[in-house]
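Please keep the sequence and the coordinates at hand while reading the points.

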Amino acid sequence: MRSAVQRRGVAVAAIVAAAVLASCGTTQAELQAQAAAERAAAEAAAALAPPPVRLDAGVAEAAAVYVAFTREMSAMQGGFDSPEAVQAALRSGSSYNAEQLSRGLVAYASILALQSPEYVAGVRQYTLNPDARRELVAKIIADPRQASYIDGADAAAQLVTSMLKRDIDALSRAANSVENDAYAVQARHDPRRGWGVAEVFDREGRLARTKALSAQDVLPSASEAAELLAAAQGGRELSSEGQRRRPPYPPVIERALAIAALAALGEGDRANTEALQVEAVSERCLNLSKLMLFQCLAASRPSYEDMFCVGRHVVRDLATCTRGAAMPAAIVTVSDVVPAPSITPAPFTPDPPARSEPAPTPTPTPARVTPPAPRIQTPTPRPRPVTPAQTPAQSPAPTPGPASPASSITERLNTGPGAER
C-alpha cells in the first residue's frame, strides 16, 4: 500500500515539474492568447452544435392533467352498488375545467409527437444552420401550420392519432358500461332497483356542487408531469397504427406538431408554447358538454338518471370531443379517370318498334292535351286524396261544350255537402 502511494506521489511530482518547465519557456502573454483561442474555439463549437430538446414544464403539467383524468374516466365501470357510489362517480367526472382539459389534450399530443424519431430528425436538421433555425421558429410562431409540412410530420401525426384513438376506444367502452348499468338497475329482478329508482337526495345541492367543481383547475401530479417531461426531452419510439395522412391536419394535431417542433429546435419555452395550447374546437366541445351535464342533472331525479348523465355527458362526451378535434376527417379517394366502355348498337329492326328510334315530335292532339282544371265553385276548396281511378291520365278527354257539374269526380267532391268544412 505504501509503495503504491509513493509511486503515485512521484508521478504527480513529475507532472508538476513538467508543467513548471513548460511555463518557464512560455511567456505570460502567450498563455493568455492560447487560453483566449481555446475559449473562442469552444464558443464556436457550441454555436454550431444543435441545441438540446427543450420543452417548458408547463406543457408537461397540462398534459399530466389530461392523462390522469382520461385514465380515471376510462376505468369507470357500471355495477354501482349504492347511490353514494353514483354520486362519487359524478364528483370525479365533473371535477375538471373545460379550458384546462382542452389545453391538456394539445399538450399531451405534442409530447406524443416528440416520440416520433422521424419527425424529431426532420426538425433538427434545421438546427445545423442558425439562420435557418431562427427563420423556422419565427414561421411556426406566426403560423403553427408550418410545422405540419416538415419532414416526418406525417409519421408524428399518425403516432398521435393512433395513441389518442386508444384512449377514445377505452372511453367509449367505459361509457357503454355506465349507460347500460343505468338501464339494468331499473329491472324488477335487479336488487339495486330500490335505491336506483328512488329520488336523489339534495338534488339542488349536488347540482351546485357539480358546477363549483367544474370551475376549478386541477393540480397536476408532480410525478406524472416529471415522467412526461422526461419522455418529451429524451424521446422514446412508440408503436403506432393506422394510415399516414398528409396535411392539413385537425387543429389539435396542428398545434401539437408546432409545440413539438419548437421543443426539438430548443425553443419550447413558455413564451412560445403557452398560446399554442389554446385550441377552440375541443374547448368549445368540452364547454358544451358541461352545459349538457348541468341540464341533465337539473332534470334528473332518480339515481339511475344520474348514472346516465355521468356516462353520456362526462365519459362519452370526452371521447366525442377528443375525436372531433384530434382525429382526421375521412378522406374519399377518387379513382383515376377511366374511359367509358364502347357500346355496339344492335341492328335496326323495324318490327317491333325499337326504343332506339328517335321519338317523334309530339303534336298537340286532343288525346295528349292535359285536361283542364275542374271548375271549383267554392271559394276555399279543401284538397281531397285522389284515388288511382281519379288520376288525370285515366280521365276521359273533355268534349267541347259546357261541362256538366257532375261530370268530374273531383268537382263533385268539392261541391258536395261539407265541401267548405
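1. The model is a predicted one, and its secondary structure comes to 16 helices and 0 strands. Of the 421 residues in the protein, 37% are buried. The accessible surface is about 25,200 Å², and carbon and sulfur atoms account for 59% of that area.

2. Among the contacts in the protein with a separation of 6 or more, 87% are between residues 24 or more positions apart.

3. The largest nonpolar core holds 87 residues, and the members that touch the most other members are Leu55, Tyr119, Ile140 and Leu257. Helix α8, which runs over residues 153-184, gives the most to this core, with 13 residues.

4. Is Ala156 buried or exposed? Its relative accessible area is 0%, under the 20% cut-off, so Ala156 counts as buried. Not counting residues up to four places away in sequence, Ala156 touches Ala113, Ser116, Tyr119 and Leu257. Ala156 and Pro117 are 39 residues apart in sequence, while their C-alpha atoms are 8.5 Å apart in space.

5. Helix α14 covers residues 280-299, and at 1.5 Å a residue its 20 residues should span 28 Å, which agrees with the 29 Å between its end C-alpha atoms. Its buried residues are Ser282, Leu286, Ser289, Lys290, Leu293, Phe294, Cys296 and Leu297. These cover an arc of only 165 degrees around the axis, and they are therefore on the same side of α14. On the other side of the helix, Arg284, Gln295 and Ala299 are exposed.

6. What do the buried residues of α14 pack against? Their partners are α4 (83-94), α5 (98-113), α10 (203-214), α12 (251-264) and α15 (303-326). The N-terminal end of α14 is capped by Glu279, which has a side-chain oxygen 2.8 Å from the backbone nitrogen of Val281.

7. At the start of α3, a side-chain oxygen of Asp56 comes to within 2.8 Å of the backbone nitrogen of Gly58.

8. Asn272 belongs to helix α13, residues 270-273, and it counts as buried because its relative accessibility is 16%, where the limit is under 20%. A polar atom of the Asn272 side chain lies 2.9 Å from the backbone oxygen of Glu267. The side chain of Asn272 also makes a polar contact, at 3.0 Å, with the side chain of Asp269. Leaving aside neighbours within four places in sequence, Asn272 is in contact with Ile141, Leu262 and Glu267.

Terms used. Residues are numbered from 1 along each chain as its sequence is written. This is a predicted model: local features need pLDDT of at least 70, side-chain atom pairs count only at pLDDT 80 or more; totals for chains, interfaces and linings use all residues. Side-chain values use heavy atoms; hydrogens and water are left out. Helices (H or I, at least four residues) and strands (E, at least two) are DSSP runs, numbered from the N terminus. The expected span of a helix is 1.5 Å times one less than its number of residues. Buried means under 20% relative accessible area, exposed over 50%, partly exposed in between (1.4 Å probe, protein chains only). The arc is that of the directions from the helix axis to the C-beta atoms. Contact means heavy atoms within 4.5 Å. A polar contact is a pair of N or O atoms within 3.5 Å; within protein, one must be able to donate a hydrogen and the other to accept it, and residues adjacent in sequence count only if both atoms are side-chain atoms. Accessible areas come from the Shrake-Rupley method with a 1.4 Å probe; for residues, only the protein chains shown count as cover. A nonpolar core is a set of buried Ala, Val, Leu, Ile, Met, Phe, Trp, Tyr and Cys residues joined through side-chain atoms within 4.5 Å.
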